Amino acid sequence: MLTVGGGNALLVCDPLFNESRRRKKSVSGAHIMQELDEAVTIGATVPTGFEHTAAEEVQEKLEATARVSKNRGRIYFDITTDKLFKVHQLKSLDNLFVVVKDYDDYQFKTTKEEVQLDWQELAAKLPWTNALEVWKLNNSIKKRKGRRKRTNPTKSDQCGNFSTKSTDTVPSDPEELWVDLESLEVKENQRDVSSQPEDDSEEEKHSEIQDQESGVTPLKFRVTCNRAGDKHCFTSNDAARDFGGAVQEFFQWKADMTKFDVEVLLNIHNNEVVVGLALTVESLHRRNISHFGPTTLRSTLAYGMLRLCKPQVSDVIVDPMCGTGAIPLEGVMEWQNSFFLAGDNNGTAVSRSVNNIKHILKRTHDGGSSSGFPLDIVQWDLCNLPMRSSSVDIIITDMPFGKRMGSKKKNWELYPLCLREMARVCKPGTGKAVLLTQDKKCFLKALSQMEGLWRKSHTVWVNVGGLHAGVFVLKRTAVVFGTTSEDVMEPHTATGSQKENRKDASQ
């Protein structure tokens, strides 16, 4: 990922900043709502491998059809701007951006010099107006969330964690949202820009406004380029530099790589080109975790695994290696009619999970009294779970990869013991397991040893911190535990070395 930008600028080079103030004074609330209901295309990055899972959530909660990008890890969907705050509540999405323009088959020139000229001309051709309006509206939503959090600050809040669950942090009335846009407009003592003829081009409007205004706080920006493909005659740095220079010349914005106001995205995948404006500064996957461990699972990935389970009302769902509690936390926030039980044999991990739950409760209920979540957290031996046989509907967990935690050698003993104990507590015939691991060879070997108890349904291949891992969806066979050769050795009689392996593998 490479970033570049440049130039000095005037905020008023965008005619919308002044025009919106005049519109607010001259149109009724009904007209404002109509303007806020314009359709725009939103792009989102999602955990690689869970694109279709994210598309299902978009359809379910926004009633919008999502398109999966040719470039893995991205989806696109069309919404009206009054639903923008709902987009921030989606659990499958990492980062959001509004699409300025997309090209399915962009015809790149054959030489580096021609491509450079092409990038420099592109900025003036793009329809920036609607995307900038969405960017401003998005800023007003984030401001309201920030103000609500400051009314009852906690130590965890000061660390920059924020909620995408509570809907009462965002006004449902579009007129309230419109009021917040004033903070992004020019100051009252600055002159309004006269309206431009309808047949003027965006570039002409920009030039005339720039000539009329001076002394306004500059808007800061950067351009971020993500490129994939081996048939380009340019690098990501080349594209970002040339396109960033064109954006600078068109808007006269000021470059700032860290404290930017606007992040312009240039996504290139072979011949697919998408230009957008970022709507998130920090990934949404950090939404629920305030106390991190060495291998904390991303919340978006945890949510995707849970959707594979399809939890039902009254299901008992267990995470036997919960670590910092990312999976059960996502579960209780979304499926509150199921019961979640989580545990770990590492006391520090259990403490982190408890602290994360307390953080969520304080944030959700503003520090007041709460009935809590349908969730219990216990310190236990993952191969000797304190539960009755055939009592669990779903088992879901992030297993040790054997890299930062444990070792691949120890996994050869640990995995069969885990699968055996999971089979014991899981309901025969109806039980399910969704297990994440990067140690695929070891897991598949252990699974083959438990073939009388488990059947592999399918596998979702994902990227976890740069590692190619698999989410294995298993179904519990109808065989009763204790009647097959696979469960002859009870986990209760594990040897000392096996107990040590389980300790090392703990998160």
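Helices (H or I, at least four residues) and strands (E, at least two) are DSSP runs, numbered from the N terminus. The model is predicted, and residues are numbered from 1 along each chain as its sequence is written. Local features need pLDDT of at least 70 and side-chain atom pairs 80 or more, while totals for chains, interfaces and linings use all residues; side-chain values use heavy atoms, without hydrogens and water.

**View 1. Helix α12 lies across strands β11 and β12.** Here α12 runs at about 160° to β12. (Axes are lines fitted to C-alpha atoms, for helices over the stretch in contact; angles run from 0 to 180 degrees between N-to-C directions.) Helix α12 spans residues 347–364 and includes Leu361. With a relative accessibility of 21%, Leu361 counts as partly exposed. (Buried means under 20% relative accessible area, exposed over 50%, partly exposed in between, with a 1.4 Å probe and protein chains only.) Gly372 comes 11 residues away from Leu361 in sequence, and their C-alpha atoms are 7.0 Å apart.

**View 2. Seven strands make an open sheet with mixed pairing.** The order is β12-β11-β10-β13-β14-β16-β15. (Two strands pair if DSSP finds at least two bridges between them.) The edges belong to β12 (375–379) and β15 (454–464). Each has a single partner strand, so one side of each is left without a neighbour in the sheet. Neighbouring strands are turned by 15° against each other on average, direction ignored.

**View 3. Strands β10 and β11 run parallel.** Strand β10 covers residues 316–319, and β11 covers residues 339–344. They are joined by 4 bridges. Asp319 stands opposite Ala342 of β11. Helix α11 packs on this sheet and touches β10, β11, β12 and β13 (394–398). The direction of α11 makes about 170° with that of β11.

**View 4. Helices α3 and α10 pack at about 75°.** Helix α3 holds residues 51–62, helix α10 residues 299–309, and their axes are 10 Å apart. The two are therefore roughly perpendicular. (Under 35 degrees counts as roughly parallel, over 145 as roughly antiparallel, 65 to 115 as roughly perpendicular, the rest as oblique.) From α3, the contact uses Thr53, Glu56, Glu57, Glu60 and Lys61; from α10, it uses Tyr303, Gly304, Arg307 and Leu308. (Contact means heavy atoms within 4.5 Å.) These residues divide into 2 nonpolar, 2 polar and 5 charged. (Ala, Val, Leu, Ile, Met, Phe, Trp, Tyr, Cys and Pro count as nonpolar; Asp, Glu, Lys and Arg as charged; the others, Gly among them, as polar.)

**View 5. A salt bridge links Glu334 to Lys61.** Their side chains meet at 2.8 Å, N to O. Glu334 lies in helix α11 (residues 326–334) and Lys61 in α3, so the pair ties together parts 273 residues apart in sequence. Glu334 is partly exposed at 22%, and Lys61 is partly exposed at 30%. The structure holds 15 salt bridges. (Each is a side-chain nitrogen of Lys or Arg within 4 Å of a carboxyl oxygen of Asp or Glu.)

**View 6. Asp78 forms a salt bridge with Arg67.** The closest N and O atoms are 3.6 Å apart. Asp78 sits in strand β4 (residues 74–80) and Arg67 in strand β3 (residues 67–68), so the bridge ties together parts 11 residues apart in sequence. Asp78 is partly exposed at 40%. Arg67 is partly exposed, also at 40%.

**View 7. Asp238 and Arg241 form a salt bridge.** The closest N and O atoms are 3.3 Å apart. Both residues lie in helix α9 (residues 236–251), 3 residues apart, about one turn of the helix. Asp238 is buried at 8%, whereas Arg241 is partly exposed at 39%.
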